[in-house]
Amino acid sequence: MYRYVINRLLFLIPSVLGVIFILFLVMSMTPGDPARILLGDAASQAQVDELNRQLGYDLPFMEKYVRYVYKMVVEQDFGVSYFTKQSVFEEIWPRYKVTVSLAFIGIVLSSLIGIPFGIYTAVRQYSLWDTIPSLIAFFIAAIPSFVLGMLLLYAFSLQLNWLPSYGIESFSSFIMPALAVSIPPAAFNLRFTKSSMLESIRQDYVRTARAKGASEHTVIWKHALHNALLPVVTNVGMSLGNLICGAVVAEKLFSIPGIGSLIVDRITYKDEPVIIAGTILISVCFTVVMLLVDLIYAYIDPRIRAKYARVKG
Amino acid sequence: MKNDLILDIKNLRVIYQTDLETVEAINGIDLKINKGKTLGLVGETGAGKTTTALSIMRLLPEKTGKILSGEIHFDRQELLKLSPLEMRKVRGNRIAMVFQDPMTSLNPVMTVREQIAEAIKLHNANLSNDEVDQRVETALSMVGILPSRKNEYPHQFSGGMKQRVVIAMALVCEPDLLIADEPTTALDVTIQAQVLMMIRELRDRIGTSMLMITHDLGIVAKICDDVAVMYAGQIVESGTVFDLFTGEKRHPYTQGLFDSIPSLNTRSNRLKPIQGLMPDPSNLPKGCCFAPRCQHCMDICINERPKQVIEGTHTLLCHLFADSSAAPAPQEGE
Amino acid sequence: MSQATVQTPDKIVFKKQSQAKEVWRRYKKNKGAVIGLVLFSFILILLAGANFIVPYSAATKGVFSQINQPPSSEHLFGTDSYGRDVFARVLYGGRTSLMVALLATASSCLIGSTLGAIAGYFGGRVDGVIMRSLDIFMSIPDILFTMAVVFALGANFQNLLIALTLAYFTNYVRLVRSQVLNLAEQDYVEAAKAGGSGSTRIILTHILPNAMGVIIVNTTLNVAKIILYESTLSFLGLGMPPPAPAWGLMLAEAREFMRAAPHLMFFPAVAIVVSASSINLIGDGLRDALDPKLKS
Amino acid sequence: MDSARTPLIETVNLKKLFKLNGGALLHAVDGINMKVYSGETIGVVGESGCGKSTLGRTILRLIEPTSGQILYNGVDITKLKSGKMRELRKDLQIIFQDPYSSIDPRKSVVEVIAEYMFIHNTFPSKSAIYNRAAELMDLVGLARRYANSYPHELDGGRRQRIGIARALSLNPKFIVCDEPVSALDVSIQAQILNLLMDLADELGLTYMFVTHDLSVVKHISNKIMVMYLGKCVEMAASDELFTNPLHPYTKALLSAIPEPDISKRDEEFVLIKGEISSPINVKPGCRFAARCDYVSEKCTGRDIELKEVAKEHFVACTLCNQEVGK
């Protein structure tokens, strides 16, 4: 088991290197350069070239890549922003924390809403308790998350004036972003959990449990649920990508200083150090969460646990 | 006489109803099991054997399965009239069931101990955890599994071992009736022999009555006291094993089953199988259901449902025997 | 007695009974799916006939007094901040949004399926290389990758297609690979081999047709996902550049006038919701119709 | 017996080892020598995991053997190039166990039956191929009205007839029947067994009949090979094997069959202890030793050779050491 975790963590290294490589590759295809953007059209080409050299932008692609990796690994230095001239790390770290907490709230909230409703709709299939939540989930699945956010904004800030429309100063300002981030994946979780649960209820071992004389309550909550949750766990992990997308949208929509909106903003300035460092951090977080999901899966599924244990031998 | 019956099913009719069709799964069967005896329910796929078992347990699929009519008397209780709560107290406690496929009938995420303990605790709420554990261990060793394996998960057991666990689980409350639905079909022949012998021995030791569902007449000959042959949702023939295996009269379908089995003792070049296929249960013929495949089919068979012919313990559902003189000489099984 | 000698004298006609007919028969039973199909056809007709339906083009600007007008008989959906007819923009914008979604789905399906089929069928080292690269690729969340690509290449129709293709082809690689792995183990593939079929023939006549159902269902559902994703990108300023009419872009622009002219937000939002949910209905219907056993 | 005749199919020390994740070796087929003469039916029996299906598929090179030879009419086919092998597929065919997974669900009945003929272009025109397919349907007792049906519309027995028609479509000489009746109900099973036996007589086919059902194998085969964990433990003529089984495993197998005969009701099964394991990283010695009641130190340490203990009766057991003629 430990060996498996270590293997997976070790895979982070080629993974991060690959991510940086892909990003540098993509960047190198871009027309325009940061110096020209910073200095404006009025500056002479010589000034621009000079600034590009200072920034280290003019180096060949591979050299830039190797240098970057070296600095990152040996000196834990993510470089300096082209745009603000600040240390990239200092600039993104506080914003990173905001984004990660937003995504974390999203995961927790979407699971807390989506999974219980998914179970309930499956248990009460064809009743009103199934149709209404399922219908709502169906429509939410067809609404872009920013539209949902705008609807919230329109209703709670503009019309009702209950909640602030931007910032993260108080708890109440976190409510709408959290909802905007959580609702779409919650709908997704509901639909997935429902079908998983329906599948699980049909299994033979559920019939065995009934034949033992177990109550419907035990049958569903003890036998069917545990098995139905296995694929749901993976699904929650898979929804993380969408959650990060949702977080970026929420940051823009509610003017939250997160890393996603930072990257979107800096794209216009071609601020390579910030964009790359931000992406690396998010990717690492993403990979670690996926690993956690796998571990949780292994924890709740004895068959997978046994497989990992065997990897050890 | 009446008090000797552990199970008495009268005129049971069950259908499966979907939007597309109505399947007449069981069409008015009568079935009796004497206390301490084993009844073999024989038939091919789709004959309605499993539906019969699920009706007794009242575990038919809720949405589609419907019991149209009939009574199921179990030891002076009418099961179909019990409340869900009362029925739950019967299930697993007084009537237990072993399913066909041991690979899927155990919960993959619970240990064997948890699953057996659940069966105990459901019906013995007053037992302490230690006592429950004790009984789990006894149950496991009873079916020939080392009690030290109790904390393992089903995937760590082979197919035969899983079926032993299922049997342990079914017998742990010492039920009055055990329903075994093709318990050895998924197993290899040497393992089947082990499991069958174990079932027979435990049955005798606990003194439980048994409904043995199978398609294998060999298993019937080895294990059962009485037999009922099922075809297209009806019991076409029933009686003691001797009535069926050595009796004077035999239903043409039963005869066909015997003739379909290649014999180990004699060498023959051809089998004499029943021609054709079982009728579509959503569209049964109006006369005798077996008529389209029967060698002795008469006009009356096509138009009229046959009535039961009762001769002592032997019951036949066939026009051939309505008038005893018309009966053909029975053909030998071999 | 011997069945082997039974002869049926009648001459038989071999007609290739289309399986499409059977699929359609099952599809028709699903009310939601039929509603989805009708809705979506209706949308397509509206979009195709935009020129005949609205007297304005998407770019026609109105006079200053006519900006942000609420719906009226003249402007069915009102006008936007440049005085342009919103109904016209919703229709023309739908063309762009659907076109992007369909093309991006098609290209990601083509690329992803090919890679997946290669990985699944050849296995071994080829499979290893493809799948490990995919793992690295997938450790960047889609949105960040799309941002990087749009940023590098610039925001226009063609680059949007590239970005969306890159974000969505990975699903197909995994889906098709697992299908191929699963189907290649079926006995009928072995039977084809026993009859002397080569690999190409097996892939073309047995594996692809059987994998098709799953691919079709996923492709349908993907169109809806891309419609949503594309509008999100537009909102972030990474989608179609203004003044192009596109649903996401219209919504992004409407944000400023949320208080003054909520109808600007309403109509494109409804357009997205209706088209995405009708496609989802079609996808769910197809899933049941193509193979009742198929689960998401 | 008649060493003058060349066997239709012969295997020489045929082995198929599968490499498992983690590097362990699974000895699915471990040194099988067998001869099948034209017109014969050889039955291969054993419990799940004994390698009998793998053996059948390896002989047809649907699975490539690890080592050893497969001779067809005396010619080694293990090294044949794929083109030549494809030509040979006309002669060597297979009928599968599961009539539900061995037929492509998206092809109509006639398409399935005609598939092989299209692969080999056996007839000049499409209609000629379809006519032949119709004749094959008659031959296997499948009404022509099912020609345009899809497999899922038919029951197991009819589907198995499709599989048989397909296998016959190229006029094969040798057919591996891989548990063709074990998924069927007894009355249907008997119909299919009769059909297979009639076809063998009419078309002069040679079968290798793989099954776990001893009564079926006795009914249909002239010669029987009993397999245990990849090895042949006993091989003899059908009647000989059933009247005089020598290997403890064969005895146990025979005794474990519940016979539909009330007079044997009180006969106890001869139970063998334990369960079949998998032949992973096996050590030399008798594979059955762990479950055998007669095990001695002779049984482990070295592999037990298959010896001819009576005419055409081969056993691999230390209890039967005397060889014929010695």
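Leaving aside neighbours within four places in sequence, which residues is Pro281(B) in contact with? They are Thr22(B), Val23(B) and Glu24(B), where contact means heavy atoms within 4.5 Å.

Some ground rules before going on. This is a predicted model, in which local features need pLDDT of at least 70 and side-chain atom pairs count only at pLDDT 80 or more, while totals for chains, interfaces and linings use all residues. Residues are numbered from 1 along each chain as its sequence is written, chains are lettered from A and ligands numbered from 1 in the order in which they are written, and side-chain values use heavy atoms, with hydrogens and water left out.

**Around Pro281(B)**

Pro281(B) sits in the loop between α9 and α10 (299-303) of chain B; helices (H or I, at least four residues) and strands (E, at least two) are DSSP runs, numbered from the N terminus. Its relative accessible area is 28%, so Pro281(B) counts as partly exposed. The classes work like this: buried means under 20% relative accessible area, exposed over 50%, and partly exposed in between (1.4 Å probe, protein chains only). Pro281(B) and Gly46(B) are 235 residues apart in sequence, yet their C-alpha atoms are 8.2 Å apart in space.

**How the chains meet**

Five pairs of chains touch, and the most contacts are between chains B and D. Chains A and D, on the other hand, have no contact joining them; their closest C-alpha atoms lie 8 Å apart.

For the B and D pair, 50 residues of chain B are in contact with 43 residues of chain D. The size of an interface is often given as the accessible area lost when the parts come together. Here chains B and D bury about 4,000 Å² between them, 54% of it on carbon and sulfur atoms; buried area is the accessible area (1.4 Å probe) that two parts lose on being put together, summed over both.

The rule finds two salt bridges across this interface, a salt bridge being a side-chain nitrogen of Lys or Arg within 4 Å of a carboxyl oxygen of Asp or Glu. One of them pairs Asp198(D) with Arg270(B), with the closest N and O atoms 2.4 Å apart. There are also 17 residue pairs in polar contact across the interface of chain B and chain D, both residues at pLDDT 80 or more. A polar contact is a pair of N or O atoms within 3.5 Å; within protein, one must be able to donate a hydrogen and the other to accept it, and residues adjacent in sequence count only if both atoms are side-chain atoms.

On the side of chain B that touches chain D, at least two residues each come from α5 (159-171), α6 (189-206), α7 (217-223), α8 (241-246) and α9 (252-260) of chain B. The largest share is that of α6(B), with nine residues. By class, this side of chain B has 24 nonpolar, 16 polar and 10 charged residues.

**Salt bridges within chains**

Over all chains, a search of the whole structure finds 44 salt bridges. A few of those within single chains:

| Pair | Closest N and O atoms |
|---|---|
| Glu199(A) and Arg202(A) | 3.2 Å |
| Arg113(B) and Asp133(B) | 3.5 Å |
| Glu40(D) and Lys223(D) | 3.8 Å |

Glu40(D) lies in the loop between β2 (25-36) and β3 (41-45) of chain D, and Lys223(D) in strand β9 (residues 223-228), 183 residues apart. Buried or exposed? Glu40(D) counts as buried at 15% relative accessibility, and Lys223(D) counts as buried at 12%. In the chain A pair, Glu199(A) is partly exposed at 32%, whereas Arg202(A) is exposed at 54%. Back in chain B, Lys35(B), Asp75(B), Arg94(B) and Asp176(B) are linked in a network of salt bridges.

**Cores and a covered helix**

The largest nonpolar core has 159 residues, of which Ile20(A), Tyr68(A), Ile143(C) and Met147(C) touch the most other members. Such a core is a set of buried Ala, Val, Leu, Ile, Met, Phe, Trp, Tyr and Cys residues joined through side-chain atoms within 4.5 Å. Apart from it lies another core, of 89 residues, among them Leu187(B), Leu202(B), Val186(D) and Ala252(D).

Helix α1 (residues 52-59) of chain D is mostly covered, with seven of its eight residues buried. Among them are Leu55(D), Arg57(D) and Ile59(D). After α1(D) comes Arg61(D), which has a positive phi, near 60 degrees.

Methods: Ala, Val, Leu, Ile, Met, Phe, Trp, Tyr, Cys and Pro count as nonpolar, Asp, Glu, Lys and Arg as charged, and the others, Gly among them, as polar.
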